Amino acid sequence: MFITLEGPEGSGKTSHIPYLVEFLREKGYIVFPTREPGGTSIGEQVREILSNLKNTEMIPRTETLLFQAARAQFVEQVIKPRLADGEIVISDRYADSTIAYQGYGHQQDLAQIRALIEYATGGLEPDLTIYLDVDIETGLKRKKNAEEWNRLDAYTVEFHKRVRAGYLKMAKSERWVTVDASQGWDEVQESLKEKIMKKLKGKS
Ligand code: TYD
């Protein structure tokens, strides 16, 4: 089972994942948490190029391709072998982030972006994608308080609004479920557990 968490900046995905992993492991599942872009040594190196504040000259096409380079490696080296072993892979972001950020955010051609994703992933799609929705102002404020400010976070508020609008469109598809991430942390965590268990029990 391949589960991905998606959301705009400050939606809190990253802080929820360790608790979800622990919860599932206690239930006896074998769980492998990971994150994009990264999850492999090559991916982490690409991540450093992508987030480095020095790289202000990077154009959207370069950014899109670097994400796909990291992703291709990640799918082959990390995700596929674990899925083949029957593990639950939970990824903090995956290909839908490219559609949201590079596609909707940078307003790149969506069909071309989808073709690149198909090439990078070999067509591997998640079984379940959980979208943590939060409005941009709240999200960016949370993020600024919590972490270092990187190149990707420094895009304009308008960019992030397009990202969220893109997510809201994508979240209407069948593979997606939405969680309101403006709720308190405990409510969000409960809701995440519930959505995942529903999927695991084959009820969704
Ligand atoms: P990260 O520090 O992990 O942020 P977050 O905790 O919000 O996930 O940085 C990931 C950044 O990379 C984030 O701004 C979203 C962006 N991103 C893309 O633009 N395209 C992609 O395909 C992926 C995977 C991430």
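The structure is a predicted model, in which local features need pLDDT of at least 70, side-chain atom pairs count only at pLDDT 80 or more, and totals for chains, interfaces and linings use all residues. Residues are numbered from 1 along each chain as its sequence is written, and side-chain values use heavy atoms, with hydrogens and water left out.

**Helices α1 and α8**

- Helix α1 (residues 13-26) packs against helix α8 (residues 185-200) at an angle of about 50°, and their axes lie 10 Å apart.
- Helices are DSSP runs of H or I with at least four residues, numbered from the N terminus.
- α1 and α8 are therefore oblique to each other, as angles under 35 degrees count as roughly parallel, over 145 as roughly antiparallel, 65 to 115 as roughly perpendicular and the rest as oblique.
- In the contact (heavy atoms within 4.5 Å), α1 contributes Ser-15, His-16, Tyr-19, Leu-20, Phe-23 and Leu-24, while the residues from α8 include Trp-185, Val-188 and Leu-192.
- Ten residues of this contact are nonpolar, three are polar and one is charged.

**The second largest pocket**

- The volume of the second largest pocket is about 280 Å³.
- A pocket is an open set of points on a 1 Å grid, where a 1.4 Å probe fits, with protein on both sides within 12 Å along at least five of seven lines; lining residues have an atom within 4 Å of a point.
- Of its 16 lining residues, Asp-96, Ile-99, Ile-117, Glu-125 and Arg-175 are the closest to the centre.
- α5 (110-121) and α4 (95-105) each supply at least two lining residues, and α5 gives the most, with four.

Definitions and conventions: Axes are lines fitted to C-alpha atoms, for helices over the stretch in contact, and angles run from 0 to 180 degrees between N-to-C directions. Ala, Val, Leu, Ile, Met, Phe, Trp, Tyr, Cys and Pro count as nonpolar, Asp, Glu, Lys and Arg as charged, and the others, Gly among them, as polar. Grid points are joined across faces, edges and corners, and a volume is the space filled by probe spheres set on the points.
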